[in-house]
Structures are given as C-alpha cells and as structure tokens.
Amino acid sequence: MTTPVLKISDLCVRTDGRQQKALLEGVGFEINAGETLCVVGESGSGKSITSLSVMGLLPRGISRPEGSIVLDGEEIIGASQRRYRQLRASRMAMVFQEPMTALNPVHKVGRQIEEVLRLHTRQTGKECRDQVIAMLEAVHMPDVEAIYNAYPHQLSGGQRQRVVISMALVLKPRLLIADEPTTALDVTTQKQILALIKELQRKNDTAVMFITHDFGVVAEIADRIVVMNKGRVVEQGDRQTILSQPADPYTRMLISSVPSLVPRSREEPSAESVLNVSHLNKTYGGRRFFAGTSRVVAAAQDVDLTVRRGEIVGIVGESGSGKSTVARCIARLIEPTSGSINVDGQEIAQTSRRALRRFRTDFQIVFQDPYRSLNPRRCIDESMIEGLLNFGTPRSKAIVKARELLALVGIDPDGMRRYPHQFSGGQRQRICIARALALEPKLLVADEAVSALDVSVQAQILRLFEDIRKLTGVGILFITHDLRVAAQICDTIIVMQKGRIVEAGKVGPVLTQPRHDYTRTLIESAPGRFWDFQNFRPLAQQPGPEQKM
C-alpha cells in the first residue's frame, strides 16, 4: 500500500465566538498519487472550507481546525504560518474558480508566475524566465512570448485559467486542489482545461482534489467521489458506484437533479409571436491611442429570430459568440447598430430612450448574478414594487401583487421585509424572476440565469421557468452555455458562433442530429453527455430524438 498524498481524519472546523457553529464535523478521506478525487455538494456543504483548511487559508472568524490533515506524511494541523508558506506551491497548490481574483491586474502574467519561483527557489532571473516559458508551453498557450508579457485583462477566461494552473504547477507540487475551476467557462474551454489538468497530472503523478457541483464533470474525470452535506461526508466511493448506485438519499437527489442532454418532448407553443428580430447587427469600434487605425468588432451579424407566446427559445454558444450581446440589444440595454426588433407589435430597435419607457413593461430581463441584481440596502418588498410604482400602480395594490408573485415563485410573502443577504442564492434568483414578472411582460429575457446555481437549485429554477411559461404565456429568450439545460427547457435552440447564427431549429433535431460542425463540437464537449443521471446509468450511445428521459 502506498502512502496517501493527502489524508484527512476527523476534521472539525467551527466559527469563533460564544455561539460556535460547526462548519465541518468528522470529515475524513484520502487521495493517492495520480488520483482525482471529486468533492461534490451544494453551496454551504463544506467543500471549500475543507480545501481552505488544507491550505491554511481559513478566513478570520473561524477557529483553528481540529483533527488530522497529513500531507505527504507530514501532519500540518498546528503548523506555523511560516511552514504553510513553505508548503504552498512547493508541496500543495490551489486553483480558484475565478482567475481574475487570483491574478494581480497591474502586473504582467509572466512576472506573476516567476514570483512563485523567486519565493521558493534560488534560480537566476534567466532561469526563472526560461522555466515560466516552458510551463506556458506545457499548458498549450499560443504565442507564449506574447502571453508572458500580457496583462490579465488582455487574455480570455480560458487563457487566464491556464495561467493560474501554470502558477500552481510550476514547482510540481504533490497535491493540486482545484476549486470549481471550470464553472464559469463554456463547454469547449472547459473540456480543454479538464484535459490539461489530466495531462499535467499524468506527467507529474499529482494527486488532484477537484471541488465541483457539476456531475457532468464528475462523470468525466473522477476516480473516486466524496459527497458532502452540511459539513459532513455523507457518502464516498468510486465513480461508477456513486453514480450508478448512490446509497444516501442526498446523493440520489443531487445526481437526479442533473439535466440530461436527451431533449424532452414538448407541446407545440402558440403561433402568435411576441418577438421578431431581423438583420440585427451590433458593431463595436474605436480609435486606438497613438495609432491611426480603428479596430472594429462585429459582436452580432444579421441575427434573425422569433419567440412565440409561451415558447422558450434558447441561444447557446461559447463565450464571445454574441449570445449575450443579442439579449442585451433586444432588452435595449445596449444600442443595436442596425436591424429590427419588434416586441408584441412595437418596433423598438431605433426608439429613443425617452420614447422607449412606455414599452418597458412589455419586456424584462433576468441576469446571471442575483447578488448584484438586487440592491443590498433595500428590503425585498421595495425592490419588488419599484417598477409597479414607476408605472403608476398605487402602493397598496403593488404590495398585494408583490406578495402574489413571491408566492408564485415559492418565496414566503411574510419575508418581504428581509434584505437580499438574508436569502440563499436560489431564493434571490426567484425574487429576481418575480420582480421581472411584476409588470406582466410579453417577453422575458433570461441571460445565464441558472449557470451560477447548484444543480438542485438549478433544477428548481428550471421547473419554475416552465411553470411560469404555462401559467402566464410569457415568451422566454433563454441564454445559456450549458447544452444540458437547453435540452431540458427549450422548445427551439439557436447556435451562435462569432456573432452569427450557424444553426437553428427544434431542440431535438439540433442536439441529436446537428448539421453544423460547430454544433457537433459543442455537443461533443459537453461533460457527462453519455450518462443518464436521472436513471443512474450510462447511455450506450448518443441518444436519438425519439429517446425520452
């Protein structure tokens, strides 16, 4: 038996203060060299607290961990901060979810990776630079010299994540902790990052602790799985056993909540259209300083689409494909360069801001991040009734309507006097949806409205959109990069690449019999596409249009 790279036993973490709250209780598992252990669970389950305990990065207000954490044969609970600094990057390293928070925006990325070498080795400046260049080549960066001299904001999301991985692995640590490193990435970039981590793991025999709530990713990369709930480990085992024969009810609930890539059969929506977009274009351009040329970017080119009453139309594509640009043009949050946008018979593409106000009740938008969508200084009731008051509804009637809408989306109306921070992420998103429905819009635009949510909460919000569509007849334009979500909720799907629509049609034929190479690439990149999560079994082959979940 080989010695595990990481062994955690009876780990307990509590908050400081008189009324201590248990954050972790009796957590235990181990990871061997070359093994990928996926730690899964909802927000608040203790996944990240466990990883921060290992790294010695617990924030203030949390007590010192109790129990045992053995890293490569060394007990590190109780180690000094000096020892933790020696271990970080050299023996253990961490990749965080959002690379922009892990990178200094005012320093070039090459210098930031070199800093790890300067702190932990005695190499010369040239030796450090050569090793960083080699590491950037190892993570398959294009034009490594340019990347070395670039600032973080000049790189794409996938490139920034590769830089953070380079920083974590440049000293070949024995343990890599990856905390949701692909959650914010589109499927093709996600596939590249997962393949990169696996490749570097094989080269260095690294133990990987991969924290995620995406069971599609788990089905692709895990050797073993640990399921956490409310600070405890409720189940652990090998990938096949956990995914096909989960023993704990919580595990079964999580796995069955994962949307399948098998499209559902759906009723034909009304023939009456609420949105008609034709030849929509959006171009960004501007003159560069100290240069005589202008750079023009066509974010949307000749986009045509229709949303009918009671229909859910999905737009999918990679980051930069133009899907959010189209959504924001339709909602008139940005000005379209040209084209027609007709909402419920009203042409709004070139309508002035002042004249547009009277049409605002016809279309509303739900954003990705419910944390930033609600004013943290205002109670929920004030946020809910603001639009109604602005359009002349008496306050008493607005309050009554707000209570009805909160009940519709599954929020207790008696909590209207609470502030946004007193609700969970899923509850906040429900409140945002209720607020968008307050003005009884004909069209609802949902821009990545479920991508930041846990799978169980995501399933609840998707069911809510379906219920709302049936109850109100609102047409929904649903923007997402998750093909599994699109397969479950959309009637029609539109695939965008580099600002253009490359394929469109009924969700079944598009996802099961794609005509365009780009669509096929997206489908092949979707993690867990060969797994039937609702029925806890693998699919023998890519499902056809006649198969139902």
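Glutamate 145 and arginine 129 form a salt bridge, their closest N and O atoms being 2.7 Å apart; the term denotes a side-chain nitrogen of Lys or Arg within 4 Å of a carboxyl oxygen of Asp or Glu. The pair links distant parts of the chain, with glutamate 145 in helix α6 (residues 144-148) and arginine 129 in helix α5 (residues 125-138), 16 residues apart. Helices here are DSSP runs of H or I with at least four residues, strands are runs of E with at least two, and both are numbered from the N terminus. The model is predicted: local features require pLDDT of at least 70 and side-chain atom pairs count only at pLDDT 80 or more, whereas totals for chains, interfaces and linings use all residues. Residues are numbered from 1 along each chain as its sequence is written, and side-chain values use heavy atoms, with hydrogens and water left out.

Glutamate 145 is partly exposed, at a relative accessible area of 37%, and arginine 129 is partly exposed at 29%. On this scale, buried means under 20% relative accessible area, exposed over 50%, and partly exposed in between (1.4 Å probe, protein chains only). Arginine 129 has a further contact: its charged end sits over the ring of tyrosine 148, 4.7 Å from the ring centre. Such a placement requires NZ of Lys or CZ of Arg within 6 Å of the ring centre and within 35 degrees of the ring normal. The charged end of arginine 357 likewise sits over a ring, that of phenylalanine 391, 4.8 Å from its centre.

Side chains of opposite charge can pair when their charged atoms come close. The structure holds 32 salt bridges. One of them joins arginine 417 to aspartate 381, with the closest N and O atoms 2.7 Å apart. Arginine 417 lies in the loop between α16 (395-408) and α17 (425-437) and aspartate 381 in helix α15 (residues 380-390), so this pair ties together parts that are 36 residues apart in sequence. Arginine 417 is exposed, with a relative accessible area of 54%, while aspartate 381 counts as buried at 6%. Aspartate 532 and arginine 537 also meet in a salt bridge (3.0 Å, N to O); aspartate 532 is buried at 0% relative accessibility, and arginine 537 is partly exposed at 40%. Elsewhere, salt bridges with shared partners join Asp72, Glu74, Arg83, Arg91 and Arg174 into one network.

What aromatic pairs does the structure hold? There are two, where rings of Phe, Tyr and Trp (its six-membered ring) pair if their centres lie within 6.5 Å; planes under 30 degrees apart count as stacked, over 60 as edge-to-face and the rest as tilted. Phenylalanine 465 and phenylalanine 478 are edge-to-face, 5.6 Å centre to centre with 90° between the planes. Phenylalanine 465 belongs to helix α18 (residues 455-472) and phenylalanine 478 to strand β18 (residues 475-479), so the pair ties together parts that are 13 residues apart in sequence. Both phenylalanine 465 and phenylalanine 478 are buried. The rings of tryptophan 531 and phenylalanine 533 have centres 6.5 Å apart and planes at 45°, so that pair is tilted; these two residues are buried as well.

With a disulfide taken as a pair of cysteine sulfur atoms within 2.5 Å, the count comes to zero. For cysteine 329, the nearest cysteine sulfur, that of cysteine 490, is 20 Å away.
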